[in-house]
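Colleague: Hi! Could you walk me through this one? I have a few quick questions.

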Amino acid sequence: MPETTVPTSSPNVPKLELDHVSVTYTTRSGDSVEAVRDMSLRIEDKPGVGEIVVFLGPSGCGKSTVLKCVAGLHLPTKGRVLNDGKVVEGTSGDRAMVFQTYTSFAWLTVQGNVEYGMRLAGVPKDERETRAKEALKQVGLADFGKRYPKELSGGMKQRVAIARTIVNRPRLILMDEPFGALDPQTRWDMQSRLLDISRVADNTILFVTHDVSEAVYLADTVYVLSSRPAQIRERVDVPIFADRSIKLKQTPQFREVESHLMELLHGELSSVRVG
Ligand SMILES: Nc1ncnc2c1ncn2[C@@H]1O[C@H](COP(=O)(O)OP(=O)(O)OP(=O)(O)O)[C@@H](O)[C@H]1O
Ligand SMILES: [Mg+2]
């Protein structure tokens, strides 16, 4: 039967849909671990608009599992994930993942790392170089193209990973606690850079974190997840703050959203920790 193609810009086709997704792992010893239970959500396609959707949930709740299902690295036990109306059955260049740990190739320069995916895709040399330089500039590494990853700090390595992802212009970028290992100052800097990147690109970033302040600062929408098995506890639309600078975190408006999310999350944590 021919595949039905639905135009990606159609208002009726969401960019991403989770349709009753459940995931249960079977461990080597044969035990079942239920990681995600009956999760459904829709992220609408907004052509020309960059958007950040955050999954906020306690440690071990199933956040990475959700992201892996969206990436096509793991298939749901029940339900389906649809990207632009098509069922996700494996990985695709349209959905790129940035992991928490740095994943650069040690034997390639920074520029070589950023060009790597384009090289595999057969992008001509001149175009590769231009696009890689542009991406490095966006993450603040314009002068570091000739360095090797081992010569960079943790924050800079993570910027290489982000440059390597955005240079391929995926429509969906999946970020799994990418700033978790960074010191607070670097983390803050990276959050601001990510906002700048998302504002100029027509893509959706799915961002996983357990940090409430990070969620409020970055998100257009936050899905608060329950403890394991992950279920959507609440969807919170974050108001558009006119000024996303360091001062913002001190404002009553920011604090209000933060404390609402904190309550939802802590309600979860206390329910897990009883006993
Ligand atoms: N391949 C696997 N086999 C068996 N169990 C797994 C596997 N991967 C994850 N799990 C279990 O599923 C649950 C959810 O894991 P997951 O990594 O999705 O959580 P998380 O919210 O990302 O955790 P963290 O906050 O620590 O990153 C955990 O109990 C974990 O031990
Ligand atoms: Mg995880």
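**Chatting through the model**

Modeller: Happy to. Let's start with L67, which sits in helix 1. Keep in mind that this is a predicted model.

Colleague: Is L67 buried or exposed?

Modeller: L67 counts as buried, because its relative accessibility is 0% and the cut-off for buried is under 20%.

Colleague: Let's switch to the ligand. Which residues surround ligand 1?

Modeller: The shell consists of Y25, V33, A35, S59, G60, C61, G62, K63, S64, T65, E177 and R228. By class, that gives 4 nonpolar, 5 polar and 3 charged residues.

Colleague: Which element gives the most to that shell?

Modeller: Helix 1 does, with 3 residues. Strand 2 (32-43) and helix 1 (63-71) each supply at least two residues.

Colleague: How much of ligand 1 does the protein cover?

Modeller: The cover is 63% of the 630 Å² of accessible area that ligand 1 has on its own.

Colleague: New topic, helix 3. How many residues does helix 3 have, and how far does it reach?

Modeller: Helix 3 covers residues 125-138, so 14 residues, and its first and last C-alpha atoms are 20 Å apart, close to the 20 Å expected at 1.5 Å a residue.

Colleague: Which of the residues in helix 3 are buried?

Modeller: They are R128, R131, A132, A135 and L136. Looking down the axis of helix 3, these buried residues fall within an arc of 135 degrees, so they line one face of the helix.

Colleague: Why would spaced-out residues end up pointing the same way?

Modeller: An α-helix has 3.6 residues a turn, so residues three or four places apart point the same way.

Colleague: And which exposed residues are on the face turned away from the buried side of helix 3?

Modeller: That face carries D126, T130, K133 and K137.

Colleague: Last one: where is S104?

Modeller: S104 is in the loop between strand 6 (95-98) and helix 2 (110-120). At 22% relative accessibility, S104 counts as partly exposed.

Terms used:
Residues numbered from 1 in each chain as written. Chains lettered and ligands numbered in written order. Predicted model: local features only at pLDDT ≥ 70, side-chain atom pairs only at ≥ 80, totals over all residues. Heavy atoms only, no water. Near = heavy atom within 4 Å. Areas by Shrake-Rupley, 256 points an atom, 1.4 Å probe, with all protein chains shown as cover. Helix = DSSP H or I, 4+ residues; strand = E, 2+ residues; numbered from the N terminus. Nonpolar A, V, L, I, M, F, W, Y, C, P; charged D, E, K, R; others polar. Buried < 20%, exposed > 50% of the residue type's maximum accessible area, 1.4 Å probe, protein only. Arc of directions from axis to C-beta.
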